[in-house]
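Student: I would like to work through this model piece by piece, starting with a loop and then moving on to the helices.

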Amino acid sequence: MNRTERLYALVEELRAIAPRPRTVGWLATRFEVSARTVQRDLQALMASGTPVRCEAGRRGGWFVDPAMTLPPVNLTGEEALAVAAALAGAESSTPFSSGAPGAMRKLAAALSADAASSVRDLASRIHLLPGRTSAGVLRIVELGVLERKLLRIRYADAAGCESSRLVEPGGLLCAEGGWYLVGWCRLREAGRGFRLDRIRAAELTDEACVPRPLAVLDEGLAGRAGSPVSLSSLAGEGSPTRPCPGPSGGEMSGCGPVVVPGALPQTPYRA
């Protein structure tokens, strides 16, 4: 086998017996290479972020942390294309998209030859314009949602008028390809949503926020909002709910603590 195949096989061998270790000598015999080659391969895997670890001592050796890795994922060609297209579309403007390149590298390494060929062909025909949301703003918003911390933002409405807001982040909403921070605006004392590409600056404060139900942020939207079909298995849902109907522009009514698809109410709230 070539080096790429051997690196993958090393991880699978260690995962299969985790958390027990394998010695370099045992692995060298198993893969019919020198101990120096195995040691170099394992160090390369560790340097790349693969959760392989080394423990010294008579009972030590190399092992993989089962809590930090997933078993192999067998995707069909169609599923692989769906993931590849979603990751490409997420790049630079979608919340939590910073992990997309690494996720795609791992996916590519796990694909069958046919699926990998289909994904490479698709990749040659996907193009992307740079996002308008600042990477710094995006990261602060991500942290606010993850850690449920109060955000201080400078926001520009559709006319370009800027205002300073304190926002208790409730979640993120995707409407027709655009992303919004949703939550409780202390200036308006109501649920609001803010287009990420109109947030000019963002600061994470130390103040923790109590999550507000969607019905508190916007009772009308609570009856129309839906959860993403593609994420329903993560939430343990039997079937997806209906998406929000109707598109609209700048600032919107608030939404709940989950990412929901669809569009905004026909008449947006003023900034």
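Student: Does Glu189 count as buried or exposed, and at what relative accessibility?
Tutor: The cut-offs call a residue buried under 20% relative accessible area, exposed over 50% and partly exposed in between, with a 1.4 Å probe and protein chains only. Glu189 is found in the loop between E5 and E6, and its phi is near 50°, a positive value in a residue other than glycine. By those cut-offs Glu189 counts as exposed, at a relative accessibility of 61%.

Student: Before we continue, what pLDDT do side-chain atom pairs need in order to count?
Tutor: Residues are numbered from 1 along each chain as its sequence is written, and side-chain values use heavy atoms, with hydrogens and water left out. This is a predicted model, in which totals for chains, interfaces and linings use all residues, local features need pLDDT of at least 70, and side-chain atom pairs count only at pLDDT 80 or more.

Student: How many helices and strands does the protein chain have?
Tutor: Helices (H or I, at least four residues) and strands (E, at least two) are DSSP runs, numbered from the N terminus. Of the 271 residues of the protein chain, 38% count as buried. On that DSSP basis, the protein chain has seven strands and 10 helices.

Student: Which residue caps the N-terminal end of H1?
Tutor: A polar contact is a pair of N or O atoms within 3.5 Å; within protein, one must be able to donate a hydrogen and the other to accept it, and residues adjacent in sequence count only if both atoms are side-chain atoms. Here the backbone nitrogen of Thr4 lies 3.2 Å from a side-chain oxygen, and the residue that supplies this oxygen is Asn2.

Student: What do the buried residues of H1 pack against?
Tutor: The buried residues of H1 include Leu7, Leu10, Val11, Leu14 and Ile17, and also Arg6, Glu13 and Arg15. With contact taken as heavy atoms within 4.5 Å, these buried residues pack against H2, H3, strand E1 and strand E2.

Student: How do the residues of the contact of H1 with H3 divide?
Tutor: Among the residues that meet are Arg3, Arg6 and Leu10 in H1, with Arg40, Asp41 and Leu45 in H3. Ala, Val, Leu, Ile, Met, Phe, Trp, Tyr, Cys and Pro count as nonpolar, Asp, Glu, Lys and Arg as charged, and the others, Gly among them, as polar. On that basis the residues of this contact divide into four charged, one polar and seven nonpolar.

Student: At roughly what angle do the axes of H2 and H3 cross?
Tutor: Val24, Leu27 and Ala28 in H2 meet Ala35, Val38, Gln39 and Leu42 in H3. The residues of that contact divide into six nonpolar, one polar and no charged. The axes of H2 and H3 come within 8 Å, and their crossing angle is roughly 105°.

Student: How far apart in space are Arg20 and Trp62?
Tutor: Arg20 is found in the loop between H1 and H2, and it counts as exposed at 54% relative accessibility. Not counting residues up to four places away in sequence, Arg20 touches Trp62 and Phe63. Arg20 and Trp62 are 42 residues apart in sequence, whereas from C-alpha to C-alpha their separation in space is 8.5 Å.

Student: Which strands are included in what covers the buried residues of H7?
Tutor: H7 covers residues 135-147, and its buried residues are Val137, Leu138, Val141, Glu142, Leu143, Gly144 and Val145. What covers them includes strands E3, E4, E5 and E7.

Methods
The expected span of a helix is 1.5 Å times one less than its number of residues. Axes are lines fitted to C-alpha atoms, for helices over the stretch in contact, and angles run from 0 to 180 degrees between N-to-C directions.
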